[in-house]
Every structure is written in structure tokens, then in C-alpha cells.
Amino acid sequence: MARIDRQRVQSSFHRGAGAYDQHTPVQQRVLQHLIQLIGQYPFAPNATVLDIGCGTGRLLELLGHCFPGTALTGLDLAPNMLQQAAERLPATVRLMQGDAEQLPFGNSSFQMVLSSSTFQWLDTLQCCFEEVRRVLEPEGLFLFSLFGEGTLFELRESWCQALLNTGRAGETANNGTHRFHDSEQVRHAMELAGFRDISVWSGLEQIWYPDVPHLLQAIKRIGAGTARPPSGGGLGWRRVLHEMAAVYCERFGTPDGVPVSYAVIYATGKR
């Protein structure tokens, strides 16, 4: 299995920062759900909170409105995302560029660490989760969401069938589509990192587009195209693309358009 190209992830989201909020309805729904979950836990007025993969700062903005006085910090890999966040947020919010697997903070720096729709871009989860536990205070809370196995399954199935239909069966195992973690992998990584009181559950979100080109354009526009380079190019690859669109419409299309599904994994744990 090809590894995720972290530099490509950074560059992709850097380019897509300006239009991100306009084209991420699922991510915005997930943020609202996270805010509801956070409200179920005791929250000190001056709590220290880190948002990993803060993007344009929408979750930090919601936290500031719902929990005034909270000391907020946002971390993101993409500079343009941080620029968008800085324009949205008050100067009291600390924003830093950095990697989720090498958090630039001291031990026991935060009472709560959050993340939304970010950890799917990590090849493995344990290293990041160990870093989260390190920067959490004792009894600190880790609460996050990520897109899990089953996300974009329509796209994956259509790509694989298109490769078969165009005589490229040998490329189905490495077709450029993203591979997502499942719930058991999330739970296991949290256990290995030393978290306790772990809870993991999932939900399904779906978005509809007029056709496959609009769907692919939306994914590309937000910077969330595959983090793994496709295995081909040129005229042959364009033929596969056209075939994929035809398969997608045949299998999943309706008179109302084509769907794309997101399997959202939610999890909580304490240090």
C-alpha cells in the first residue's frame, strides 16, 4: 500500500484554503456535532484547548462563542489555512503551524485536545495519539472525529471497476484512492497510546451532486483530493476517468444526481 504523501497533503490544503468553508458541508455538520459533544463534559471557564488540524478556524470560532474565556490554540500543517483562521479569529487565539505527529508543545500543556476531519490524512494513528496524550494534563480529554472506512466508497468501487473495464486490472490494488482507518484501528491506537475511558462510534453523512464531474471538482476544490498519487497519466488515464464516471452513474446515480458518502468516526478518551 502506498504511503500518504504528507507534503502533498500540505500543499493541497494550502491551495484549497480560500474556498474550504464554502465546499465542506459534511465537515461543517461534524463541527456542530463536536460542539454538542463538548458541551456534555465539564468545562472550566479558563480551560486550555488545542485544536489539531484547525483549518480555517471554524471549530475554534464556535468554541469561543460557546465557551467564552477558554484559552484556545490551533495547529495546522497548511500556512494558508492558518491565514484564513487568523482573519476569522480574535488575536487572543494562538495559531501555530506544525505536524500532528510532532506537536510543538510541552508536556501537560492542555486540558482538552480536539480535532475534526484531520486524522484520516495520517498513515498511522498511534504516533499522533501518543503526542496528544503527552501534551494533555492528567485527566485531560481527547475528543475527535475523522473520516473512516466506507468514506467515498462509491468512488473507490467505481475506480476499481473502471480499471478492470479498461484492461488495467493490475492497478486496482493501488488506484490512487484514499484508504481510511476503521473504528477498531482507532480504538486500538488509542489503547496503545495509553488512553482510558475510550469510546468510539460512527455515523454516516451523505452529499449529493448533479454529476460526477461536479463531485470530483468539489473534492479537489477543498484540497481533499487523494493524498496518494495516481498510478498513471496521459490519454490512458483520461479514458479510465471517463469510464469511472460512467460506472459511478450506472451504479449510484439517480434522477436527482450522484451521492458521495462519508463514514464519520467519533472518539473520546482520557489521559
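Phe110 touches Thr48, Val49, Leu50, Thr73, Arg94, Phe105, Val135, Leu136 and Glu137, when residues up to four places away in sequence are not counted and contact is taken as heavy atoms within 4.5 Å. This is a predicted model, in which local features need pLDDT of at least 70 and side-chain atom pairs count only at pLDDT 80 or more, whereas totals for chains, interfaces and linings use all residues. Residues are numbered from 1 along each chain as its sequence is written, and side-chain values use heavy atoms, with hydrogens and water left out.

Phe110 is found in strand β4 (residues 110-116), where helices (H or I, at least four residues) and strands (E, at least two) are DSSP runs numbered from the N terminus. With a relative accessibility of 1%, Phe110 counts as buried; buried means under 20% relative accessible area, exposed over 50%, and partly exposed in between, for a 1.4 Å probe and protein chains only. Thr73, one of the residues that Phe110 touches, lies 37 residues from Phe110 along the chain, and the C-alpha atoms of the two are separated by 9.3 Å.

Turning to charged side chains, a search of the whole structure finds 7 salt bridges, a salt bridge being a side-chain nitrogen of Lys or Arg within 4 Å of a carboxyl oxygen of Asp or Glu. Among them are the pairs listed here.

| Salt bridge | Closest N and O atoms |
|---|---|
| Arg29 and Glu205 | 2.7 Å |
| Arg58 and Glu61 | 2.8 Å |
| Glu157 and Arg251 | 3.6 Å |

Arg29 forms a salt bridge with Glu205. Because Arg29 lies in helix α2 (residues 25-38) and Glu205 in strand β6 (residues 196-209), this pair ties together parts that are 176 residues apart in sequence. Arg29 counts as partly exposed at 37% relative accessibility, whereas Glu205, at 19%, counts as buried.

Arg58 and Glu61 are 3 residues apart in helix α3 (residues 58-66), and are therefore separated by about one helical turn. Arg58 is partly exposed, with a relative accessible area of 24%, while Glu61 is buried, with a relative accessible area of 18%.

The salt bridge between Glu157 and Arg251 links two helices, since Glu157 lies in helix α6 (residues 153-165) and Arg251 in helix α9 (residues 234-252), so that the pair ties together parts 94 residues apart in sequence. Glu157 is partly exposed, with a relative accessible area of 36%, and Arg251 likewise counts as partly exposed, at 42% relative accessibility. Elsewhere, salt bridges that share partners join Arg58, Glu61 and Arg88 into one network.
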